[in-house]
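Here is a short tour of a protein chain for your next look at the viewer. Have the sequence and the structure open side by side as you read.

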Amino acid sequence: MSERNTTFVKTEGEQIPVVADCDVVVVGAGPAGHAAAVSAARNGASVTLLERYHHLGGMASGGMVLVLDDMVTEDNEVITTGLVSEFVERLEKQDGAVYPPTEDCQTNWEMWQKWSRWGCIDFHQSTMPQPIIHAVAFDPDAWKRVSLDMVREADINLRTHSWFSDVMREGGKITGVIAQTKLGRQAIRAKYVVDATGDLDVGVAAGAEYTTGQFIVTTVFRIANVDTDKAVAFEFAEPEAYKKLDRQARRVIGGAWGMWWLKTPLPGVVWCNCPHMPGYDGLSVEDMVKAEYEGRERMMNLLAFAKENIPGFENAVMLGAAEQMGVRQTRMLQGEYVVNKDDIKSKRHFADSVCRGRDYYTPYRALLPKGIDNLIVAGRHYSVESDAQKMSREIPPCQAQGEAAGIAVSLALKEDKALRDVDAKAIQIQMRAQGADPGDVPDAKALVENTVAAE
């Protein structure tokens, strides 16, 4: 990670106005934080939701990560459900989601040609054609609208344009958070706090143990006026010619996933989840500025190449880059349990599992910092080792974490207890009641070991 400044200044004492007094404050309104806020509110808590941007949705909307995956087992059984499923249904009603019907989830070239450019493929499989699975391509603005609808319906006190600044304490207990706004610093008092910042901002301010890591960053972008039918037809009619151009495009962009462009629900608009840029620290202002310069230069070079060389892209124009930089890993909690790579790869089951991703289980303990009774995390910064986080950071599992966290704080509130004392089985029961799979019942292929059972 990059070095930090070592010159300091002192500030005068200040009086900070209290703008909200609630049961739960959720910091960060990305997929995990939004789910936590909605889940807590629906279970009876008064909730304040803080967000630094003007929109909700985090990496799903502002970051334009426009395919929901990691929702199924290797057998294409949908297991990441609950608020995730509700979100997809709401997106679909607004013509903002596309996914294959069950009968199209096959492994053959016909379905591959039909669905691969939507990103609905099992990229974990190396053989071609890869299986078509349940994954969802969606529109980022539809995500913003659905997020707002659900917040309004749940009567959540939404405070956008509010950047987390610090925690408040009385003794060893967090009593709320402070946010920086255009009107100065503002205080939100709360009994429980959910850190859904993605970077563990609240946890660090509260003194939680953590580790740091790096992964690729991306200035995601979209291109408009693309004849996608023509581009797909060329790809399959002249595969060798297409592969040659595709290799050249990858060199121009400087790193991409298996497919550097995918279809979106908007006709003629394609999504480019690239360039992949390693070596940048997502916590460093200087690094993020450099990545912005580099990413935008690369994306314009790719656009010029595609217009000149790839059938279907002749009239393409730059629609624009994502509002948020695609940062995948920074700080990670080191909590009551630290999920490791073997846990993910072996499909290890935990007795206190409260949510699921693709063939892996997340224990309740991995959402809890040590020694802080009323703080819980949800999102890519949960308690996990770096290599394991790279395999378990997708949007739907993070939403499921948020839903479980929201239930946990509502139970703690009703029982007036520390979050670590909440019964994981009670969370599992309520997750089931909300249509979610908490992972309480291990899959036939799961590794069940007493050594990782809840204490």
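The radius of gyration used here is taken over C-alpha atoms, and the globule rule is 2.2 Å times the number of residues to the power 0.38. For 455 residues that rule puts a compact globule near 23 Å, and the protein chain, at 22 Å, agrees with it. Please keep in mind that this is a predicted model, where local features need pLDDT of at least 70, side-chain atom pairs count only at pLDDT 80 or more, and totals for chains, interfaces and linings use all residues. Residues are numbered from 1 along each chain as its sequence is written, and side-chain values use heavy atoms, with hydrogens and water left out.

**Overall build**
- The protein chain has 12 helices and 22 strands; these are DSSP runs (helices: H or I, at least four residues; strands: E, at least two), numbered from the N terminus.
- Its C-alpha trace spans about 70 × 55 × 40 Å along the principal axes.
- Taking contact as heavy atoms within 4.5 Å, 73% of the contacts between residues at least 6 apart in sequence join residues at least 24 apart.

**Burial and cores**
- Of the 455 residues, 58% count as buried, where buried means under 20% relative accessible area, exposed over 50%, and partly exposed in between (1.4 Å probe, protein chains only).
- A nonpolar core is a set of buried Ala, Val, Leu, Ile, Met, Phe, Trp, Tyr and Cys residues joined through side-chain atoms within 4.5 Å.
- The largest such core holds 111 residues, and Tyr364, Ile376 and Ile427 touch the most other members.
- Helix H11 (residues 395–415) supplies the largest share of this core, with 10 residues.
- A second, separate core has 24 residues, including Phe221, Phe305, Ile310 and Phe313.
- Leaving out residues up to four places away in sequence, Tyr364 touches Asp352, Val354, Ile376, Ala408, Leu419, Val422, Ala424 and Ile427.

**Trp118**
- Trp118 sits in the loop between helix H3 (109–115) and strand E5 (136–138).
- Trp118 counts as buried because its relative accessibility is 15%.
- Not counting residues up to four places away in sequence, Trp118 touches Val67, Val98, Ala137, Leu262, Lys263, Thr264 and Pro265.
- Tyr99 is 19 residues from Trp118 along the chain, and their C-alpha atoms are separated by 7.8 Å.

**Thr211**
- Strand E10 (residues 210–212) contains Thr211.
- With a relative accessible area of 29%, Thr211 is partly exposed.
- Beyond residues up to four places away in sequence, Thr211 touches Thr330, Arg331, Met332 and Gln334.
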